[in-house]
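Please look at the sequence and the structure before reading on.

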Amino acid sequence: MSRRTRDALVGYALLVPSAVIFVWFFFYPLVRLFVMGLHQQNRTGTAERYVGWSRFGDVLTGEQFTEGLRISATYVLYTVPLGLVLGVLLAVAANRRLKGIKVFQTIFSSTIASSVAVASVVFFVLLNPQIGYFSSVKFFSLSDPDTALRGVALSSVWQNLGLTFVIVLAGLQAIPDEVDEAATLDGYGPVRRFFRVTLPLISPTLMFLAVVLVIFALQAFAQADILTQGGPVGATETLVFKIFRSQQPIDQGTGSIMALGLFGITLLVSLAQFLLLERRVHYGN
Amino acid sequence: MSEVAFDGVTKRFGEVTAVDQLTLDIADGEFMVLLGPSGCGKTTALRMIAGLETVTEGTLRIGDRVVNDVEAKDRDIAMVFQSYALYPHMTVARNIESPLVARRFHVDADAPPRKLTAAERSERVDQAARSLGLTDLMGRKPAALSGGQRQRVALARAIVARPSAFLMDEPLSNLDAKLRAQTRIELVELHERLATTFVYVTHDQVEAMTMADRIAVLNEGRLQQVGPPQAVYERPHNLFVARFIGSPPMNTVPGTVVRTDTGVAVQLGGQRIDLDPVAHEPLADGTEVVIGVRPEHLAVDPDGQVKAQVRAVEWLGHERLVVCDLAEHHITVRQSSGAEPVAPGDVLALTADPAHVHLFDPNTTERLN
Ligand SMILES: Nc1ncnc2c1ncn2[C@@H]1O[C@H](COP(=O)(O)OP(=O)(O)OP(=O)(O)O)[C@@H](O)[C@H]1O
Ligand SMILES: [Mg+2]
């Protein structure tokens, strides 16, 4: 056996564990979703027959899917821009050489260490219509169908802020000091420097974060489940929420098709990311 | 166009004193080189002029304005960084245009300064680019340029706003030897053309000697000597300058002054070097000194008083360096390569040109003659 073949075999052997996990937990379930989408159960859920692609169109244009998608899209609009702006503001504020700045950097990034459940419970205490500290603030009241999604979004923004902050801060710190100083000597004040130099240089970072946050938002479920259980009157039933609701022993097809729809949308967003990143300038000397 | 004046300027970073009580007047239109070894505070001094570092003590003037509290963006100064610090996301044209965007300029006589129009900006950019041969590169981004081209873009960006002074921090250190030699000449020409104050930082004495109107030699944050290159070379004020400037460095050997009826000499171990009696008048018999003679001021001479044994010969083509042992020190003699060949082990009789013998106080290291 030549050296090359042996190296290749060792390489493949090392890939086996992750390949097994990928196939078992990601690829197989995806195939199962298609299979379930192509079959229909009988009333007792004891037998199924092949119905082909016939239901895909109905489900993906149906009330459940489109309404879930509308709510999820709104949720994206509520969480992503606000999250990015807050993350950039915090990171710019914390990106300076001051004594004790590490303390602030640690505080600002601390939400990374909290789970969705923790964030939701915190906001449950803050926003709960009966006991919440901010229950009187109408703008994101959880008891009003028109504003409940904002309350849920708020908890999500807070929870993702640590991640956004850390990544933007890393992006800012990758900008050479001298480039910033050159901008100062070119006569730029802080605002112009930010928009002409800092922002363009961290734009690849922001693009990456935007995609990650969009995907997070499209997958949002636990926040809504804990804070509002999807209510009031379904106003916070995100797409994942609808998928979860529609999955029943006698109807596994509808939920599967909706899940595939969400998968397709996420895939498109990721593709868009790749295309945009391809076009991005390659920095570095 | 402005003069730059340090008056007792000190810069401390916590415990570290980077620049110590610097007093230095840089004349309007002068090409001043700050020269010194790594860590001597050259960059810090330059950054204080730019306003990128605050002044801990003392006053710093640019023109007739004390600038200690003037923000960097309001100082009307351009700087070429060692890394060039080009904006990676902008084309060459936009990089060069950058200093014209935010500032106001005196364009119309009697009118207050105003921002330039896009047409005026692009005219100035074209002019700067043309003078540095960048016209064909205007659409490229810095990543697609060679080191030399980037350096030119940095220069073009510096000259485009016609600032009152140019600061340069080792701008040639990332270029290869050939390009460096060529750029040195271009910088001198640029200085003549612009007739503006240049403050240029380097640790390379060749750059300093070839370009400067005056050199300021720094060591450990302190100014050692200021003067035209030739003066600094010919009359170093102390041992540091004597040893730092010149390649190979000046030979320095400790000895004792002896006065006799016939004249003054320095005793080195068992040997003597006669000194010029008039120039060394004030030195008392028995004074401890360090004698310094540059390699080119030592010559092999059958009548020479000093005997030294050859250790090694370095042949450099146009000249050769003969390293000898003298009173337990190594000294170097510079000879043209046509001189009579010598070999290790030979004992040479040497004379030192009395007009070029330097004497230093071994304690204060200051010049004595
Ligand atoms: N921001 C800073 N914080 C602390 N110390 C500093 C800082 N900048 C410079 N120093 C110190 O000040 C001294 C002078 O530094 P400076 O950069 O001016 O040296 P330099 O002469 O430019 O050296 P080089 O030739 O290596 O660039 C050094 O001891 C350096 O460690
Ligand atoms: Mg330096």
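How far is an oxygen atom of ligand 1 from a polar backbone atom of Gly39(B)? In this model, which is predicted, the distance is 2.7 Å. Local features are described at pLDDT of at least 70 and side-chain atom pairs at pLDDT 80 or more, whereas totals for chains, interfaces and linings use all residues, and side-chain values use heavy atoms, with hydrogens and water left out. Residues are numbered from 1 along each chain as its sequence is written, while chains are lettered from A and ligands numbered from 1 in the order in which they are written.

**Around ligand 1**

The residues near ligand 1 (with a heavy atom within 4 Å of it) include Phe13(B), Val16(B), Ala18(B), Lys42(B) and Thr43(B). Gly39(B), Thr44(B) and Glu170(B) also belong to these surroundings, and the table gives a polar contact (a pair of N or O atoms within 3.5 Å) for each of them.

| Residue | Atom of the residue | Distance to an oxygen atom of ligand 1 |
|---|---|---|
| Gly39(B) | polar backbone atom | 2.7 Å |
| Thr44(B) | polar side-chain atom | 2.5 Å |
| Glu170(B) | N or O atom in the side chain | 3.5 Å |

**Helices and loops of chain B**

Helices and strands are DSSP runs, with helices being H or I over at least four residues and strands being E over at least two, numbered from the N terminus. The axes of α2(B), residues 92–102, and α4(B), residues 147–159, come within 7 Å and cross at roughly 30°, which means that α2(B) is roughly parallel to α4(B), a term for angles under 35 degrees. The crossing of this pair is right-handed. In contact (heavy atoms within 4.5 Å) are Val92(B), Asn95(B), Ile96(B) and Pro99(B) from α2(B), with Val153(B), Ala156(B) and Arg157(B) from α4(B); by class, these are 5 nonpolar, 1 polar and 1 charged residues.

Two backbone details lie in loops of this chain. Ala85(B), in the loop between β6 (77–80) and α2, has a positive phi of about 50° although it is not a glycine. Pro248(B), in the loop between α8 (239–244) and β11 (251–259), is joined to Ser247(B) by a cis peptide bond with omega of about -5°.

**Chain A**

Chain A has 11 helices and 2 strands, and its C-alpha atoms fill a box of roughly 75 × 75 × 30 Å along the principal axes. Along the sequence, its pattern is α-β-β-α-α-α-α-α-α-α-α-α-α.

The axes of α3(A), residues 63–94, and α6(A), residues 148–173, come within 7 Å and cross at roughly 40°, so α3(A) is oblique to α6(A). The crossing of α3(A) and α6(A) is right-handed, and their contact has 20 nonpolar, 6 polar and 1 charged residues.

Key
Axes fitted to C-alpha atoms, helices over the stretch in contact; angles between N-to-C directions. Parallel < 35°, antiparallel > 145°, perpendicular 65-115°, else oblique. Left-handed = near helix turned anticlockwise from the far one by under 90°. Nonpolar A, V, L, I, M, F, W, Y, C, P; charged D, E, K, R; others polar. Polar contact = N/O pair within 3.5 Å; in protein donor to acceptor, adjacent residues only side chain to side chain.
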